[in-house]
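Dear colleague,

Please find below the structure that I am handing over to you. My notes on what was found in it follow.

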Amino acid sequence: MSFTIIEPCPARLNRSELAVPGSNTKFIEKAASSKADVVFLDLEDAVAPPDKEQARKNVIEALNDLDWSGNTISMRINGLDTHYMYRDVVDVLEQAVDKLDLIMIPKAGTAADIYALDMLVTQIEAAKGYKKRIGFEMIIETALGMENVHEIAAASRRNETLHFGVADYAASTKARTTVIGGPNRDYAVLTDADQDGARQVHWGDMWHYAVARMVVAARAHGLRPVDGPFGDFSDPEGYKANASRSAVLGCEGKWAIHPSQVDLANEMFTPSEKEITQANRVLEAMEKAQKEGQGAVALDGRLIDIASIKQAQVLVKKAEQIAARDA
Ligand code: GLV
Ligand code: MG
């Protein structure tokens, strides 16, 4: 191991993250009883400029009046390049004291973006006597943000999550896309002809590099990597395939831009019974080996390495968190 010890961010379930427009009070009310692990009230791109002020008022009201104890609650502020942002932070934090768990920072481009916001939030928390420290979640959704993803991840002790914002990322990198977050028939490999002259088209995942890069940056700094939106909410199978790819790469969850995607995300990012049983067996084998003073741990005729034991511990802890949430 390295001499550098990575402190993990506070442990929260983040299998599903439901996006709710701050301008729609009906949707906000419904979200308060959602099974989403995290709900973010959006003041940014889901809200048109003429509705920005009202949306901010709605969010303040929702934080004060609704019961969010079943969810981690976040708000997506406007970009640091807009004049809306400072009031998003000042008004909401001053008028809804100790209500927010997280602030979501869109289009994070540099570490200085996070630093600036940290300073502002720290001052408001001190002035208003906040009891809990608000965490930050950053959306990596521009070429600049991806280029600086490591510095962004390391920029504040408040940091908890990196999200991959595929829609804006596509716009920023000028990628030719079809479905938001989905596969693209133009990103494919054409195989050589087989003996019958037939050639096959194998679709690739054009987002592989971006998600993998974000996951590494997040994990290297003890943060949670979370995959962003899948645009076609009438395609649950497509959503699940996307979520499955992200989970394989190390993401802890995925956005739901429609309530119907919450259950899909929870399902896809919950460890299966089989995985949990196997993880418990690994831990039992380790305990037994320790009691018997054996250096090496074996299970089913195979040696178990430290990495597998750590993975098993993480998995069992997550299963406990999920069980506690469901209870
Ligand atoms: C999310 O904000 C995205 O741009 O995909
Ligand atoms: Mg975006």
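**Findings**

Threonine 173 has its place in helix H7. Please note that this is a predicted model. With a relative accessibility of 35%, threonine 173 counts as partly exposed.

The structure contains 5 aromatic pairs. In one of them, the ring centres of tyrosine 169 and tryptophan 207 are 6.5 Å apart. Their planes stand at 70°, and planes over 60 degrees apart count as edge-to-face, so this pair is edge-to-face. Together with Phe164, Tyr169 and Trp207 form one aromatic cluster.

Two lysines are placed over tyrosine rings. Lysine 52 lies over the face of tyrosine 84, at 5.6 Å from the ring centre. The charged end of lysine 254 sits over the ring of tyrosine 239, 5.6 Å from its centre.

Helix H8 consists of 13 residues. From its first C-alpha to its last it reaches 18 Å, close to the 18 Å expected at 1.5 Å a residue. Its buried residues are Ala210, Val211, Met214, Val215, Ala217 and Ala218. Viewed down the axis of H8, these buried residues fall within an arc of 170°, so they line one face of the helix. Just after H8 comes glycine 222, which takes a positive phi of about 75°.

Aspartate 227 is located in strand S9, residues 224–227. At 5% relative accessibility, aspartate 227 counts as buried. Leaving aside residues up to four places away in sequence, aspartate 227 touches Phe164, Val211, Asn242, Ser246, Cys251, Gly253, Lys254 and Trp255.

In helix H10, which spans residues 260–268, the residues Gln261, Val262, Leu264, Ala265 and Asn266 are buried. What covers the buried residues of H10? The covering elements include strand S1 (16–21), helix H9 (236–249) and strand S10 (253–256).

The domain assignment of the chain gives domain 1 as 16–270 and domain 2 as 274–326. Taken over C-alpha atoms, the centres of domain 1 and domain 2 are separated by 32 Å. Serine 272 is found in the loop between H10 and helix H11 (273–291). With a relative accessible area of 32%, serine 272 is partly exposed. Serine 272 and leucine 315 are 43 residues apart in sequence, and their C-alpha atoms are 10.0 Å apart in space.

With kind regards

Definitions and conventions: Residues are numbered from 1 along each chain as its sequence is written. Chains are lettered from A and ligands numbered from 1 in the order in which they are written. This is a predicted model: local features need pLDDT of at least 70, side-chain atom pairs count only at pLDDT 80 or more; totals for chains, interfaces and linings use all residues. Side-chain values use heavy atoms; hydrogens and water are left out. Rings of Phe, Tyr and Trp (its six-membered ring) pair if their centres lie within 6.5 Å; planes under 30 degrees apart count as stacked, over 60 as edge-to-face and the rest as tilted. A charge sits over a ring if NZ of Lys or CZ of Arg is within 6 Å of the ring centre and within 35 degrees of the ring normal. Domain bounds come from an automatic or database domain assignment. Helices (H or I, at least four residues) and strands (E, at least two) are DSSP runs, numbered from the N terminus. The expected span of a helix is 1.5 Å times one less than its number of residues. Buried means under 20% relative accessible area, exposed over 50%, partly exposed in between (1.4 Å probe, protein chains only). The arc is that of the directions from the helix axis to the C-beta atoms. Contact means heavy atoms within 4.5 Å.
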